[in-house]
Amino acid sequence: MQLPINLVTDGCKDFLQLDDHALKGLQKYAEMLVEWNEKINLTAIVDPEGIAVKHFLDCLMIFKYLDIPVGASVIDIGTGAGFPGVVMKLARPDIKLTLMDSLAKRITFLETLCSELHLDVTCIHSRAEDITSVQREGYDFAVARAVANMRVLTEYCLPFVRVGGSFIAMKGASAEFELSEAANAISVLGGALNKIDMFDLGDLGARGIINVKKISQTSTKYPRNPGKISKQPL
């Protein structure tokens, strides 16, 4: 499968330049994604154009709206097939990346993928609510893409972020509505809205990147167990 890499490079040329290592890495990533998707459910998007725009370019848009310092620590929560974390790491190898997912088969894929791409990445098989006591407030950024509603997602993600860091939620057209619903959760968990950036991405339509600043420590009683989070969101 030949990835139409020009769809990626043209889409991000105004804010990001990808080197040969990144471009070759994205090609290999696309090939492995399609190959492994025949064995385990990773994505419904398997056509070359869809992977280029709906996965890779969409993930790279984070660099248009977010300033990530050199050497920043990033945890991608509920990463699935590695989005956005692995794409971010290919573009910015200096980032210290941790990938976390609850499904062991996905972690196996990610470990194999990162080995093939020669990326130094930590992969953790766990649910967010099971690990924050160990990794609590240990990251500059927590990122999540297409994982859960913002009210729920905030409780899973903000406990990972150090005070002064940010939680970044990559959302679709409902971003502004979800943000309004999550105002209480953000406040209770020690966050404050920094900004929300809306943009259009072709067939994907409206997209939103929500940037929540961590301004105070999160109480150790959060995150609660999954049942309470889903039934009684903050």
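1. In which hand does helix 1 cross helix 3? The crossing is right-handed. This is a predicted model, and that goes for everything below. Helix 1 covers residues 5-12 and helix 3 covers residues 48-60, and the two pack with their axes 8 Å apart, at an angle of about 30 degrees.

2. Now the cysteines. Don't go looking for a disulfide here, as the count is zero. The cut-off for a pair of cysteine sulfur atoms is 2.5 Å. For cysteine 12, the closest cysteine sulfur belongs to cysteine 59 and sits 12 Å away, which is too far for a bond. Starting from cysteine 59 instead, the closest cysteine sulfur is the one in cysteine 12, again at 12 Å and too far.

3. Are these two cysteines buried or exposed? Cysteine 12 is buried, because its relative accessibility is 0%. Cysteine 59 is buried as well, with a relative accessible area of 0%.

4. Next, strand 5, which runs over residues 161-171. Eight of its eleven residues are buried, so the strand is largely enclosed by the rest of the structure.

5. Which strands pair with strand 5? One of them is strand 4 (residues 139-145), which pairs with strand 5 in the parallel sense over six bridges. Within that pairing, isoleucine 168 of strand 5 stands opposite valine 143. Another is strand 7 (residues 206-214), where the pairing with strand 5 is antiparallel and also counts six bridges. There, alanine 169 has isoleucine 210 of strand 7 as its bridge partner.

6. A last point, on glutamate 111. This residue lies in helix 6, which spans residues 104-116. With a relative accessible area of 44%, glutamate 111 counts as partly exposed, because that label covers values between the 20% and 50% cut-offs. How far is glutamate 111 from leucine 179, in sequence and in space? The two are 68 residues apart along the chain, and their C-alpha atoms are 33 Å apart.

Note on methods. Residues are numbered from 1 along each chain as its sequence is written. This is a predicted model: local features need pLDDT of at least 70, side-chain atom pairs count only at pLDDT 80 or more; totals for chains, interfaces and linings use all residues. Side-chain values use heavy atoms; hydrogens and water are left out. Buried means under 20% relative accessible area, exposed over 50%, partly exposed in between (1.4 Å probe, protein chains only). Helices (H or I, at least four residues) and strands (E, at least two) are DSSP runs, numbered from the N terminus. Two strands pair if DSSP finds at least two bridges between them. Axes are lines fitted to C-alpha atoms, for helices over the stretch in contact, and angles run from 0 to 180 degrees between N-to-C directions. A crossing is left-handed if the near helix is turned anticlockwise from the far one by less than a right angle, and right-handed if clockwise.
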